[in-house]
Amino acid sequence: YLTLLTTIPSAFEDAITFSERQIKDGFFMNDSAIDLSVEGIDKFTEKKEDSALIVIFEQNVDAATFLSDTQKEEYKKRNKELVLGTVIPSYENLSTQLTKWKGSRKYGPAVSDLPEGKTYYSEFMKFKGSTEASLEEMVETCEEAIDLELKALFQNLQGISSNPSQIDLSTPEEMIEYHRAHLEDFPQGPSVSYSANYLDKSVATPGIIAYYLQPPIDDIQNNVMKINGDAVADHNSLFETLAHEGFPGHLYQKTWYLDKQPNALRTNLNFIGYSEGWAMYAENIMTKKMPISKEEAAYYAHNTSLGYILQAAVDIGINGLGWDVEKVSKYLEEVGFDPSFAQDIYDSCVDEPGVIVPYGYGLAKFLRLRDKAETALGSAFDLKTFNEIILTHGDRNFEQVELDVNAYLSENPNSNEVISSETSVMQDRAGRSWTFYLPFVAALVLLMVLAFVFVRKKNQEI
């Protein structure tokens, strides 16, 4: 770890050199995004002796019983020297550089404004969305899910007051144990342990409520969740977030799949649209079980889902299809939302293009697949069985997931679903999707890591 800290200056120098190439071509980030970056850096560097990198390190070293007192003091001294003399100055220099680069972008704020930007974004969404679908098809999937969620939301408005109830659960442990006790809609997973701790304020990113650290593939017992207390609006919001990160979200899905002993390489292929889509989908189910009135719980679930799906659709429209603020405003009105949000959503999407898409589009895809199965099976539909179908085989592209759902429906005697020729199209897409990833397998082997960090973005209130 201490050796790694010594590499930060050279790593930042490389990043600055690369950024200068972007600036030369006019491709650098928007000024508003620079401001957000500088704000985050300055928040981190304002702490010196009380930096989290010093305080937490010293706490952990003091707890290390295998170190002598002399070793502990040597490690703490070396760490403090590196943090104060190397790490913080590197960040301060980066903040200065970023400020100097304001106004360097030569093109409009969206990815679609850049030369070949639409083509690039379209390819980027194959990764972000875990799909081979076109941008137009992705927007259509979002719109269909928005329609489903709006109808469900309106059905529960009658039970909503201007002062919504707060759950009678206050600690992360209470909420996580509540989640774990209400997994009747999901197949049984392995018995695992977890810790859920609050981040030090100096290292907490403002836009992130919490994240989950995936365990090593050969030790799924010990799971870690970190929470940004400043980003938690209330107990209800934390309840939703921990369902996303813990049970039945990331922690449950990852340990459930790893418990099946998959091929080790298979566990290192990244399908972020599936993984974040699953966590949003699981959160949607669990939030409806929130210990408040049924109507209020459903309202929370559908409102959160709508926020993510809507922003995903608009992000694709802005950065992939070239929508301007006026088009965004018209689109919001067309799908049933207040168009006065247009500028705010536009600014968010151009500052962080594609960030919300895995969450919103992934959720939309799972909701559409569930609706398809419910429509086909009617009263014979079983949510637990459906969830096992989409969990089996782990993270994968949505063409593969849909093939699995279609196979389940075609084999079910209660299904009235006629699997059309679209299946062959999906099979072709699924094959092409796997082909798309094969050239990267060698690189993935070299870059294997034992942990992935899943980042939960802040809820979008509509």
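Helices, at least four residues long, and strands, at least two, are DSSP runs that are numbered from the N terminus. In this predicted model, the protein chain holds 19 helices and four strands, and the place of Ser170 is in the loop between helix H7 (135-155) and helix H8 (172-180). Of the 462 residues of the chain, 50% count as buried, and among contacts between residues at least 6 apart in sequence, 80% join residues at least 24 apart.

**Ser170 and its surroundings**

- When its neighbours within four places in sequence are left aside, Ser170 is in contact with Met175 and His235.
- Ser170 and Asp234 are 64 residues apart along the chain, yet their C-alpha atoms are separated by 9.3 Å.

**A pair of packed helices**

- Two packed helices are described by the angle between their axes and by the distance between those axes.
- For helix H11 (residues 272-287) and helix H12 (residues 294-319), the axes come within 8 Å and cross at roughly 160°.
- Because angles over 145 degrees count as roughly antiparallel, H11 is roughly antiparallel to H12.
- On the side of H11, the contact is made by Met280, Glu283, Asn284 and Thr287, while H12 contributes Ala297, Tyr300, Ala301, His302, Thr304, Ser305 and Tyr308.
- Sorted by class, the residues of this contact between H11 and H12 comprise five nonpolar, five polar and one charged.

**Cavities inside the structure**

- The structure holds three cavities of 30 Å³ or more, and the largest cavity has a volume of about 50 Å³.
- The lining of the largest cavity is formed by Gln214, Lys254, Tyr257, Leu258, Arg266, Thr267, Leu269 and Asp395, a set that divides into three nonpolar, two polar and three charged residues.

**The second largest pocket**

- The second largest pocket has a volume of about 660 Å³, and of the 22 residues that line this pocket, the closest to its centre are Gln22, Val111, Tyr120, Asp351 and Pro353.
- At least two residues of the lining come from each of helix H2 (8-24), helix H6 (117-128) and helix H14 (342-351), and H6 supplies the largest share, four residues.
- By class, the lining of the second largest pocket has 15 nonpolar, three polar and four charged residues.

**Backbone features in the loops**

- Most residues other than glycine have a negative phi, and most peptide bonds are trans.
- Glu116, in the loop between helix H5 (69-100) and H6, has a phi near 60°, which is a positive value in a residue other than glycine.
- Glu116 is exposed, because its relative accessible area of 60% lies over the limit of 50%.
- Ser130, in the loop between H6 and H7, is not a glycine either, and has a positive phi of about 50°.
- Ser130 is buried, because its relative accessible area of 0% lies under the limit of 20%.
- The peptide bond from Phe247 to Pro248 is cis, with omega near 5°, and the place of Pro248 is in the loop between helix H9 (235-245) and helix H10 (250-258).

Notes
Residues are numbered from 1 along each chain as its sequence is written. This is a predicted model: local features need pLDDT of at least 70, side-chain atom pairs count only at pLDDT 80 or more; totals for chains, interfaces and linings use all residues. Side-chain values use heavy atoms; hydrogens and water are left out. Axes are lines fitted to C-alpha atoms, for helices over the stretch in contact, and angles run from 0 to 180 degrees between N-to-C directions. Angles under 35 degrees count as roughly parallel, over 145 as roughly antiparallel, 65 to 115 as roughly perpendicular and the rest as oblique. Contact means heavy atoms within 4.5 Å. Ala, Val, Leu, Ile, Met, Phe, Trp, Tyr, Cys and Pro count as nonpolar, Asp, Glu, Lys and Arg as charged, and the others, Gly among them, as polar. On a 1 Å grid over the protein atoms alone, a cavity is a set of points where a 1.4 Å probe fits but cannot get out, and a pocket is an open set with protein on both sides within 12 Å along at least five of seven lines; lining residues have an atom within 4 Å of a point. Grid points are joined across faces, edges and corners, and a volume is the space filled by probe spheres set on the points. Buried means under 20% relative accessible area, exposed over 50%, partly exposed in between (1.4 Å probe, protein chains only).
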